[in-house]
Amino acid sequence: MIFFDIETAGYKSNHDLSEHPLDKLFIKFCDRRGLVWTQELAKAALYPEFGRVVSVSLGILDGETPKIVGYYGENEGRLLETVKSFLAGKEKLLPLCGHN
């Protein structure tokens, strides 16, 4: 069995004052919900539209010895491709079990 946990972060750091292409969309998103965007920025990772995957941890139970594998990085696409490559073919041998 493969247990996995995916951690996300907001599209930008709370301390990052530079402009980001998603700023205007995030401000509009918050305005429509009556939220203050500067306060919601800390929770941006909880919104799928404004979060990004920063790490994936896998716990593998196959036989006697459990194995833990972790992947992390700033480049979300590369990170997910690496995890995909690792899992390729394993899901047929071991069932997946998500964790939130």
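**Entry 1: D23 and K12**

I began with the side chain of D23, which makes a polar contact with the side chain of K12 at 3.2 Å. For a polar contact I took a pair of N or O atoms within 3.5 Å; within protein, one must be able to donate a hydrogen and the other to accept it, and residues adjacent in sequence count only if both atoms are side-chain atoms. The model is predicted, so I used local features only at pLDDT of at least 70 and side-chain atom pairs only at pLDDT 80 or more, while totals for chains, interfaces and linings use all residues. Residues are numbered from 1 along each chain as its sequence is written, and side-chain values use heavy atoms, with hydrogens and water left out.

The side chain of D23 also makes a polar contact with the side chain of Y11, at 2.7 Å. I placed D23 in helix α1, residues 23–32. Helices here are DSSP runs of H or I with at least four residues, strands are runs of E with at least two, and both are numbered from the N terminus.

Is D23 buried or exposed? D23 counts as buried because its relative accessibility is 11%. My cut-offs were under 20% relative accessible area for buried, over 50% for exposed, and partly exposed in between, with a 1.4 Å probe and protein chains only.

I then listed the contacts of D23, leaving aside neighbours within four places in sequence: Y11, K12 and S18. Contact means heavy atoms within 4.5 Å.

K12 sits in the loop between β1 and α1. K12 is also buried, at 7% relative accessibility. Not counting residues up to four places away in sequence, K12 touches S18, H20, D23 and L41.

**Entry 2: Salt bridges**

How many salt bridges are there? I counted three, taking a side-chain nitrogen of Lys or Arg within 4 Å of a carboxyl oxygen of Asp or Glu.

K12 and D23 form one of them, 3.2 Å from N to O. This pair links distant parts of the chain: K12 is in the loop between β1 (2–10) and α1, D23 is in helix α1, and they are 11 residues apart. Both K12 and D23 are buried.

The side chains of K43 and E40 also meet in a salt bridge, again listed at 3.2 Å from N to O. K43 is partly exposed at 39% relative accessibility. E40 is buried, with a relative accessible area of 8%.

E74 pairs with R52, and the closest N and O atoms of this salt bridge are 3.6 Å apart. E74 is in the loop between β3 and α3 (76–87) and R52 is in strand β2, so the pair ties together parts that are 22 residues apart in sequence. I noted E74 as exposed, at 68% relative accessible area. R52 is partly exposed, at 22%.

I looked up I2 in strand β1. I2 is buried, with a relative accessible area of 1%. Which residues does I2 contact, leaving aside neighbours within four places in sequence? I found L58, G59, I60, L87, K90, L94, P95, L96 and C97. The C-alpha atoms of I2 and L58 are 6.5 Å apart, although 56 residues separate them along the chain.

L22 is in the loop between β1 and α1. L22 is partly exposed, at 25% relative accessible area. Not counting residues up to four places away in sequence, L22 touches Y11 and F50. I also checked L22 against V83: they are 61 residues apart along the chain, and their C-alpha atoms are separated by 26 Å.

**Entry 3: A surface patch**

Next I turned to the surface. M1, F3 and L61 form a nonpolar patch there, with about 250 Å² of accessible area together. Patches are made of residues with over 30% relative accessible area and no salt bridge; like charges are joined within 9 Å, and nonpolar side chains (Val, Leu, Ile, Met, Phe, Trp, Tyr) within 5 Å. Accessible areas come from the Shrake-Rupley method with a 1.4 Å probe; for residues, only the protein chains shown count as cover.

L61 lies in the loop between β2 (51–60) and β3. L61 is partly exposed, with a relative accessible area of 44%.

**Entry 4: Confidence**

Last, I checked pLDDT, the predictor's confidence in each residue, from 0 to 100. The protein averages 87, and 94% of the residues score at least 70. Where is confidence lowest, and where is it highest? Confidence is lowest in helix α4 (residues 90–93), at a mean of 71, and highest in strand β3 (residues 67–72), at 94. Where pLDDT is low, the predicted coordinates should not be read in detail.
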